[in-house]
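Please keep the structure open while reading.

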Amino acid sequence: MASVLVVEDNPEHQAVIAEVVRRLGHRPVLAGDGRAGLAAAVANRPDLVVADVDMPHLDGIKMCRALRENPGTADVPVVLITAYLPPGDTTLAEAEALAVVPKPFSVKELTETLRSCIDAPPGARHDPAFTEALLRSLDAGVVACDMEGRLVVVNQAVRDLFGDESLGVPARDWAERFGLRRPDGSALPPEDVALYRSLAGEEIHHDEVLAHDRQGRRRWFAINARPVRDDTGKILGAVAAVHDVTPEHQQRQYEHCTTEVLKALVQAPDTGRAGAEVLRAISAELGWPYLRLWLVDGVVDRLRPAATHLAPGSPPLRLPPTLKRGEGLAGSCWESGEPVWVPNLRAPDVPVMAEAEHYRTAVAVPVLSAEKVIGVLAFFTLEPQDPDPALTVLLSGIAGHIGSYLERRRSEELADQLAASVGEYIALVGHELRTPLTSIGTYTDLINEEPDGTTVGEIRDLLGVIERNNARLRSLVERLLDLAALEAGHAQLTVGDVDLAAVVRAALAGTQVHTDLPDKLAVPGDRARLRQVVENLVGNAVKYSPDGTAVHVTLTADDEVAVLCVTDSGIGIPAGEQNQLFARLYRATNARHSGIPGAGLGLALSRAIVELHRGTITLSENDGGGTVATVRLPRRSGTSDPARPAHRDATLGRNH
């Protein structure tokens with residue numbers, strides 16, 4: 001009957017081990033921690049020690065080393081039981097345990113292990129089979145080489161990552177053979193391989209390396225390496241523990257990526273630059289070569305690219321210019337409102353409409369504003385990447401920041417426009433009312449002061465001034481009421497099939513402009529209101545262009561959108577007046593002081609009409625000087641049902 005010292009601080013586990021020892025016909029001796037176990041072993045040498053690794057006062061590893069240092073217990077076989085060791089820890093091997101039993105274990109497994117250890121000869125703890133089993137049980141990778149750099153130990157954790165053939169690769173050749181890189185992505189020189197450096201006597205602590213596993217996925221490793229010496233200090237080889245720190249590295253990477261995205265949003269001067277900077281930051285932090293931000297175009301109910309980033313040296317990716325709901329990767333994400341992962345772009349029936357032969361994985365996340373999808377962020381990688389919940393949360397958070405940014409910028413712009421326009425609006429209304437009223441009042445006074453014998457013919461010019469200003473006031477009031485009715489939704493459109501080309505020709509009758517119009521272009525809309533828009537835009541272009549300069553009117557279309565452009569070479573818009581664009585009654589300073597009459601309502605009315613048609617109207621600078629007015633109208637049935645226009649005094653555009 002053998003004496004078996006059971007050192008276990010968990011009473012339930014201690015009882016199980018003791019019972020197994022009894023069933024084997026041997027006598028268990030119990031100790032509740034490492035210190036008590038060491039004292040019991042020294043006092044009464046056992047035939048076998050079964051010890052837990054994680055114990056108070058003195059853990060199983062230290063207790064085992066203490067037994068080896070004591071001449072009376074140096075050859076006592078030890079079985080270690082463990083549920084946890086830090087990744088890459090090689091202390092089990094250094095403790096020279098005869099066997100290792102990982103938790104959880106079964107009674108059968110424990111019985112067989114203890115039976116073999118009790119019956120084992122004294123030198124069994126150095127059995128190569130045990131060493132192999134020990135190395136295989138470690139979560140971390142372990143590699144060792146001799147002085148020639150030949151690998152003599154490669155445990156299963158390393159083989160799982162780099163393949164069984166890794167045992168035949170010399171330490172110096174690992175960098176080239178397995179594409180080892182530094183964390184920043186630069187190539188790792190052969191002489192900088194940690195195991196190779198340790199052959200020269202260097203001890204390496206937490207040397208981070210980037211590599212790819214057999215599936216091509218990026219993995220980050222922290223390597224501890226040291227020389228192996230004999231009793232005299234002579235170097236016999238080197239050993240390295242390879243810790244897979246990919247989750248920790250990715251967590252730091254994700255946190256830094258979020259910081260860089262927020263920085264880009266804060267520093268971007270406008271929404272256009274913000275999208276480009278966000279994509280650049282994500283590409284730089286996550287190493288993804290192709291990214292695209294799609295935003296919903298409400299005119300045609302499609303996704304259009306707002307920003308695209310292609311990392312230098314990366315293969316181009318041809319994507320459609322627009323996507324319908326449910327079409328392609330981004331369209332599928334838009335339709336579902338949920339992130340979409342495509343781990344393998346080479347699999348059949350993937351929802352990606354592009355020639356992506358070089359790319360392996362694609363991801364799309366929705367950009368939300370007030371729980372409504374307003375865009376989609378799409379990413380393409382050259383390496384395979386499995387769906388990652390942490391990464392999905394990160395990307396969804398970034399998309400949320402973009403949605404909040406766009407909403408905030410919109411709110412800030414509207415607030416600035418409102419603050420800037422309220423006082424201006426009051427002043428403009430006062431000016432537009434007081435100016436004609438002044439003329440009416442003063443010319444009425446002049447008539448009243450005329451002698452009683454004055455004839456109508458003598459004061460006809462005075463009456464003409466009163467009549468002109470009265471007509472101006474009547475027109476102003478009517479147009480203001482019309483605009484108010486449009487914005488409030490009281491003025492209804494009479495929607496039908498309209499030949500927009502014919503409407504433009506009719507509006508241009510009697511004007512000298514250059515046109516490029518199709519024979520016919522059908523759109524759903526209100527014929528009279530659309531003609532009003534054309535007359536306002538062309539009237540502005542002609543009115544504010546010098547004599548002899550050309551005004552161009554073009555009308556183009558595709559299956560989804562009709563586009564009307566009115567281009568002039570006129571006076572343009574002064575710098576610094578962009579915030580007043582499309583404000584009611586606002587006229588640019590160069591227009592107000594030009595002596596050219598106008599009420600500043602044409603573009604405000606045009607904007608309201610176009611938005612009721614679910615279209616957009618914008619004004620931009622002409623490259624040769626002057627202005628380009630662009631109107632986009634949907635052509636598909638159902639998209640032009642009357643919509644209430646945004647109630648604001650300014651938007652992107654210009655009003656003379």
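**Notes on the predicted model**

1. Asp 301 sits in the loop that runs between strand S11 (290-297) and strand S12 (302-310). The model is a predicted one. Asp 301 is not a glycine, yet its phi is positive, at about 55°. With a relative accessible area of 35%, Asp 301 is partly exposed.

2. Arg 614 also deserves a look. It has a positive phi of about 60° although it is not a glycine. Its place is the loop between helix H18 (602-612) and strand S21 (616-621). How accessible is Arg 614? Its relative accessibility is 37%, so Arg 614 counts as partly exposed.

3. Now the protein as a whole. Its secondary structure comes to 18 helices and 22 strands. Of the 656 residues in the protein, 48% are buried. Take the contacts between residues at least 6 apart in sequence: 61% of these join residues at least 24 apart.

4. The next point concerns a pair of helices. Helix H1 (residues 11-23) packs with helix H5 (residues 107-119) at an angle of about 55°, and their axes are 10 Å apart. Angles between 35 and 65 degrees count as oblique, and H1 and H5 are therefore oblique to each other. Their crossing is right-handed. On the H1 side the contact is made by Ile 17, Val 20 and Val 21, and on the H5 side by Val 107, Leu 110, Thr 111 and Leu 114. Sorted by class, the contact of H1 with H5 has six nonpolar residues, one polar residue and no charged ones.

5. Helix H15 (residues 500-507) and helix H16 (residues 527-543) have axes that come within 9 Å and cross at roughly 50°. H15 and H16 are therefore oblique to each other, and their crossing is right-handed. H15 contributes Leu 500, Val 503, Val 504, Ala 506 and Ala 507 to the contact, while H16 contributes Arg 527, Leu 530, Arg 531, Val 534 and Glu 535. In the contact of H15 with H16 there are seven nonpolar, no polar and three charged residues.

6. Which residues of helix H2 (residues 34-43) are buried? They are Gly 34, Gly 37 and Ala 41. Seen down the axis of H2, these buried residues fall within an arc of 60°, so they line one face of the helix. Arg 35 and Ala 43, on the other side of H2, are exposed. The buried residues of H2 pack against strand S1 (3-7), strand S2 (27-31) and helix H3 (60-69).

7. Thr 82 belongs to strand S4 (residues 78-82). Its relative accessible area is 11%, and the limit for buried is under 20%, so Thr 82 is buried. Apart from neighbours within four places in sequence, Thr 82 is in contact with Asp 52, Val 53, Val 100, Val 101, Pro 102 and Lys 103. Pro 104 is in the loop between strand S5 (99-102) and H5.

8. Where is Val 169? It is in the loop between helix H7 (156-162) and helix H8 (174-177). Val 169 is buried, with a relative accessible area of 4%. Val 169 and Arg 150 are 19 residues apart along the chain, and their C-alpha atoms are separated by 7.4 Å. Leaving aside neighbours within four places in sequence, Val 169 has contacts with Leu 151, Trp 174, Arg 177 and Phe 178.

9. The last point is Val 561, which is found in strand S20 (residues 561-567). Is Val 561 buried or exposed? At 4% relative accessibility, Val 561 counts as buried. Along the chain Val 561 and Val 631 are 70 residues apart, while the separation of their C-alpha atoms is 9.9 Å. Setting aside neighbours within four places in sequence, the contacts of Val 561 are with Val 300, Arg 304, Thr 556, Arg 632, Leu 633 and Arg 635.

Terms used:
Residues are numbered from 1 along each chain as its sequence is written. This is a predicted model: local features need pLDDT of at least 70, side-chain atom pairs count only at pLDDT 80 or more; totals for chains, interfaces and linings use all residues. Side-chain values use heavy atoms; hydrogens and water are left out. Axes are lines fitted to C-alpha atoms, for helices over the stretch in contact, and angles run from 0 to 180 degrees between N-to-C directions. Helices (H or I, at least four residues) and strands (E, at least two) are DSSP runs, numbered from the N terminus. Angles under 35 degrees count as roughly parallel, over 145 as roughly antiparallel, 65 to 115 as roughly perpendicular and the rest as oblique. A crossing is left-handed if the near helix is turned anticlockwise from the far one by less than a right angle, and right-handed if clockwise. Contact means heavy atoms within 4.5 Å. Ala, Val, Leu, Ile, Met, Phe, Trp, Tyr, Cys and Pro count as nonpolar, Asp, Glu, Lys and Arg as charged, and the others, Gly among them, as polar. Buried means under 20% relative accessible area, exposed over 50%, partly exposed in between (1.4 Å probe, protein chains only). The arc is that of the directions from the helix axis to the C-beta atoms.
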